[in-house]
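Let's take a look at how two protein chains can hold on to each other. Have the picture open while you read.

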Number of protein chains: 2
Amino acid sequence: MDIRVSVINIGNELLLGQTVNTNLSWLGQELAAIGLPITRTIIIKDDETEIREALDSCWQNSEVVISSGGLGPTNDDITKAVIADFFSKVLEFREDVWSSVQTIFQRRGLEVPEINRNQAMVPEDFTAFINRLGTAPGLYYQNGNKKFFALPGVPIELKGLYKDYIKTILQNDFKSQPVTIKTLHTWRISESALAEILPEDIIPPEVQLAWLPQTGRVDLRVYGSDKTKVLVTINKVKQLINQYIWGEDSDTPQSILHNLLPEKGMTLSAAESCTGGLVQKLITDNAGSSAYFKGGMVSYSNEVKISLLGVKDNTLQQFGAVSEETALEMAEGVRKLTDSDWGISTTGIAGPDGGSSEKPVGTVCFGISGKADNYSYRTVFNGDRESIRFKASEYIILLLIEQLRRNL
Amino acid sequence: MDIRVSVINIGNELLLGQTVNTNLSWLGQELAAIGLPITRTIIIKDDETEIREALDSCWQNSEVVISSGGLGPTNDDITKAVIADFFSKVLEFREDVWSSVQTIFQRRGLEVPEINRNQAMVPEDFTAFINRLGTAPGLYYQNGNKKFFALPGVPIELKGLYKDYIKTILQNDFKSQPVTIKTLHTWRISESALAEILPEDIIPPEVQLAWLPQTGRVDLRVYGSDKTKVLVTINKVKQLINQYIWGEDSDTPQSILHNLLPEKGMTLSAAESCTGGLVQKLITDNAGSSAYFKGGMVSYSNEVKISLLGVKDNTLQQFGAVSEETALEMAEGVRKLTDSDWGISTTGIAGPDGGSSEKPVGTVCFGISGKADNYSYRTVFNGDRESIRFKASEYIILLLIEQLRRNL
């Protein structure tokens, strides 16, 4: 039997668009990984009628219901009262929850605001999960084969409570078949061009294929509960589109770099103009990147390009700041300055202004300087300032990876 | 009468957690701004039964239904067929849509893959909105006072179609009262401590107050359809918590800086260690930041701190890389190197490793170097590597803003 999992996200801020719902994507991944993919999600306001209606429809149709949000100490948080009422349970004071709330404030050297006493009230017959990271406990109620969980909406608390308690309960009680998910990351090809390369009949009925257009590139996902069939399918797909694949599953450009550079015992530095620091931010997302990443420059002004990176005034005059020639001198400059094996650079027009017919907004030039050779590239990205900067930052890392793999 | 707006997000990737639902937060903001806040959102899989059930419940209960996703050219995109079937309409070929699809490919110098002919099929009695940014048109159906819109799930296309067509239709047909939303951004105080300062009776019943814990800080939102009451309330709130407020509404630390520095005719540079480029990325999010931001360094290795920034070997030995002393020398070094009015710096332990009892993970030291004075700060952030880096990046910008405002 398929186990139906419903998620209810409660919070005006989600519907008014002031908060992006990262809890849902995180929970979705976790639940799929243990074979309990989310069937349906309902997002509603902190409103009694709405919460009650959502509880009603989900509790009827699902084996697992998980709610998030509305458990805070302030007045607009009404979830707990509505839950207690929906399940016809009285709220009761729990000593263990109260002492954990007190501990949290003591650790920060603060007095416990009186308002937090509410946090220790729990519906009878519910289990309270102690929250190490906040004042709202998680709530758990079981009735027959149905389970209901209520979690706070603060992402770090929701994640902590799921990992500390809920995951184990679900794994023990539902011996379900995990969904096998394989993702291929491609670049330099469009979704429809990819689709033309892949004949439909290589996907058997038990396996699903999904196209996920990302910022600047397409991900291709193959999944299903029959692991063998998923793996066979993915291998066929790979053979057909191999030249466009740069990574798999949780790979990011910077995580691949994180493995490749130490393997080769090489060091890296970067000089950024239009990406303004984002390339280096992505590289240093990896703990331990200091083993190969020495640092670099954000040479936002021409002045800094000349005085610190040693870009020639003449190059800037003749070819402009956005040119492959300038990119190369930036890459070489930062490599020498930091005594690294590789230097990479970006210089471009992120917009919205500053474009011309010859160099439209989105034009970005890249440089890669190695001890033996230098390479430069130029391309034009679509999108707004933010997406152009992001695409360019991933692109230079992917270009370097391509170079490093070629030299294997 | 309240107009009920339902949103249906279709896409396995949303429930499997492989895509974060940014469309919903964007649409939520746009719809609230024209007085049509979203009432409820349902997120479902690309599955015929699920789509049909969601259409059924939303179309019954709402005046406006907006679906997103599943309109692509590939096989897993079934939304259009299910919509046509649900409304009992036949799909028909539309010349104008077909020629816009052809134009998109021609502009990129590519042949049109045959699969894209499907994109020109539209349910009879539906209006097709031409999509300038992709191959899937938007779909619009009106029946009595009810409106149904179907949009592609690619964010840039969804946004384009909403702005080009849907917004005007909704504004013309529903003369509704926009919701007035005022947001206050605070720092250096917790949600419950803020709640203790604010007496409940300053919020009249027509006005809503919401607490939005953000990464590293709390936002406080006051909203309602009575504009005057919202503004009166916000002023009372401001008076009570003034010392903790750093900005309002769409302010970000970097957008405030973007106004303050040019006002004072001052320039800035940055030297980053633990934040790895993120401070400079945030500053250069603003188009035109080159007017005051000269650039800077990511001095990830000690070697680069010494050789390029001129941090003294002795300072590193005596106080360590993560110290206010090192932060100050970094800030001063980058300010002098780039000949700026202000230099700012970060150096800390972003984790997950590298902490000690004296300097636990999350410890970050900050430096601000001006032409007249230098300042240093030290604090400890909670959270994982990503949130520590983000909090530290916003923090140094807020510290500089505080300094600049003091010197007004």
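What follows is a short tour of the contact between the chains and of some salt bridges.

First, some ground rules: this is a predicted model, where local features need pLDDT of at least 70 and side-chain atom pairs count only at pLDDT 80 or more, while totals for chains, interfaces and linings use all residues. Residues are numbered from 1 along each chain as its sequence is written, chains are lettered from A and ligands numbered from 1 in the order in which they are written, and side-chain values use heavy atoms, with hydrogens and water left out.

**Where the chains meet**

Chain A brings 86 residues to the contact and chain B brings 86 residues too (contact means heavy atoms within 4.5 Å). About 6700 Å² is buried between chain A and chain B, with carbon and sulfur atoms giving 55% of that; buried area is the accessible area (1.4 Å probe) that two parts lose on being put together, summed over both.

There's a strand pairing here as well: strand S14 (residues 293–298) of chain A and strand S14 (residues 293–298) of chain B run antiparallel, joined by three bridges. Two strands pair if DSSP finds at least two bridges between them, and strands (E, at least two residues) and helices (H or I, at least four) are DSSP runs, numbered from the N terminus. Val298(A), for one, has Gly296(B) as its bridge partner.

**Salt bridges**

Side chains of opposite charge can pair when their charged atoms come close. A salt bridge here is a side-chain nitrogen of Lys or Arg within 4 Å of a carboxyl oxygen of Asp or Glu. The structure holds 42 of them over all chains, and 10 cross the interface of chain A and chain B. Here are some of the pairs:

| Pair | N to O distance |
|---|---|
| Glu53(A) and Arg40(B) | 2.8 Å |
| Arg4(A) and Glu50(B) | 3.8 Å |
| Asp164(A) and Arg132(A) | 3.0 Å |
| Asp125(B) and Lys89(B) | 2.9 Å |

Is Glu50(B) buried or exposed? Glu50(B) is buried, at 6% relative accessible area, whereas Arg4(A) is partly exposed at 28%. The cut-offs are under 20% for buried, over 50% for exposed and partly exposed in between (1.4 Å probe, protein chains only). Arg4(A) and Glu50(B) also belong to a salt-bridge network with Arg40(A) and Glu53(B).

Now for chain B: Asp125(B) is exposed at 54% relative accessibility, but Lys89(B) is buried at 17%.
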